[in-house]
Amino acid sequence: MAFPGVPLMLLVGALARIPGSEAGKETPAHFLYQAKSECRFLNGTQRVRYLGRWFYDRQEFVRFDSDLRKYVAVTEFGKVAADASNRNKVYLQIAKAQVDYFCRYNYEVYSYQAHKAEERLIGRRAKPTVTISPTKMDPTSPNTILLCTATGFYPVEIKIQWLKNGQPEKEGVAFGEELQNGDWTYQLQVMLETQPQWGDLYTCKVEHASLEAPITVQWEPRSSSSARSKLWTGIMGAVIGVAFLAVGLFSYLKSKKATPIQPPAAPSVLGWEVELSP
């Protein structure tokens, strides 16, 4: 908010002495002039300090300080403007009134708006979205990093827990920091470093005020390409073995069926053959 603490004619007179304009030099074609009003509060509005600050090309050269109740020069360039403003009783009174007119008034306005915003937020609930992302930091390591991410929740208080086969995991768990999403919601990540085995079941359990029951997301390890290849090789070997066994057994039974049955040889007594009759 610009503050009319320095008369326009004083401003023009000050700009006539811009560094670089002496000795007949022309004023720079482009320059930046700024006026800033600053309020400093201590213990609410019990102690208020107002600063009306004036800048030329990002350098402050004069200010009004409510604690001193006058204009003061910050640089040599600001002495003329400070002295002229202090002599003008009207502008000096306007500057003194900014403690109440500008600072305390706006403090009440923004405090009211902040209170209303807080009222709108009280009781607000936003449910989290939960996902699990597996990754490997080192391809040669048996360890796997499981990252559970909960995002879009409000309020900030949330509980995230890792379970392995239904039992809480404590080792290898690392918690991140709650991050703001910029829309009054938050996100949080919890990491688990583990060595998953075939058949293990991992669960990320999330509890939050917006939920009637905890959210659970599950993940189980999948076999690698080499493991699947070995599994299929074993299955094919077993199938081929069974096929060969069936062929062999069929050939054996077929050969047994084709051989004629011979009658038993006649017994002999002392080298004589005995003919047996029915």
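This is a predicted model: local features need pLDDT of at least 70, side-chain atom pairs count only at pLDDT 80 or more; totals for chains, interfaces and linings use all residues.

Student: How many disulfides does a search of the whole structure find?

Tutor: A disulfide is a covalent bond between the sulfur atoms of two cysteines. The criterion here is a pair of cysteine sulfur atoms within 2.5 Å. The search of the whole structure finds two disulfides. When the bonded cysteines of the protein chain are numbered in sequence order, the pairing is 1-2, 3-4.

Student: Which residue does a disulfide join to C39?

Tutor: C39 is joined to C103, with an S to S distance of 2.1 Å. The pair links distant parts of the chain, 64 residues apart: C39 is in strand β1 (residues 33-42) and C103 in helix α3. Helices (H or I, at least four residues) and strands (E, at least two) are DSSP runs, numbered from the N terminus. The torsion about the S-S bond of C39 and C103 is about -85°, so this disulfide is left-handed.

Student: Are C148 and C204 buried or exposed?

Tutor: Buried means under 20% relative accessible area, exposed over 50%, and partly exposed in between (1.4 Å probe, protein chains only). C148 counts as buried because its relative accessibility is 0%, and C204 is buried, also with a relative accessible area of 0%. In the other pair, C103 counts as buried at 1%, whereas C39 counts as partly exposed at 23%.

Student: What is the S to S distance between C148 and C204?

Tutor: The disulfide that joins C148 to C204 has an S to S distance of 1.9 Å. C148 lies in strand β6 (residues 144-153) and C204 in strand β12 (residues 202-208), so the pair ties together parts that are 56 residues apart in sequence.

Student: How many bridges join β12 to strand β13?

Tutor: Two strands pair if DSSP finds at least two bridges between them. Five bridges join β12 to β13 (residues 215-219), and the two strands run antiparallel. A hairpin through six residues joins β12 to β13, and Y202 stands opposite W219 in β13.

Student: Where is the place of I122?

Tutor: I122 is in the loop between α3 (89-121) and β5 (129-135). At 62% relative accessibility, I122 counts as exposed.

How values were computed:
Residues are numbered from 1 along each chain as its sequence is written. Side-chain values use heavy atoms; hydrogens and water are left out.
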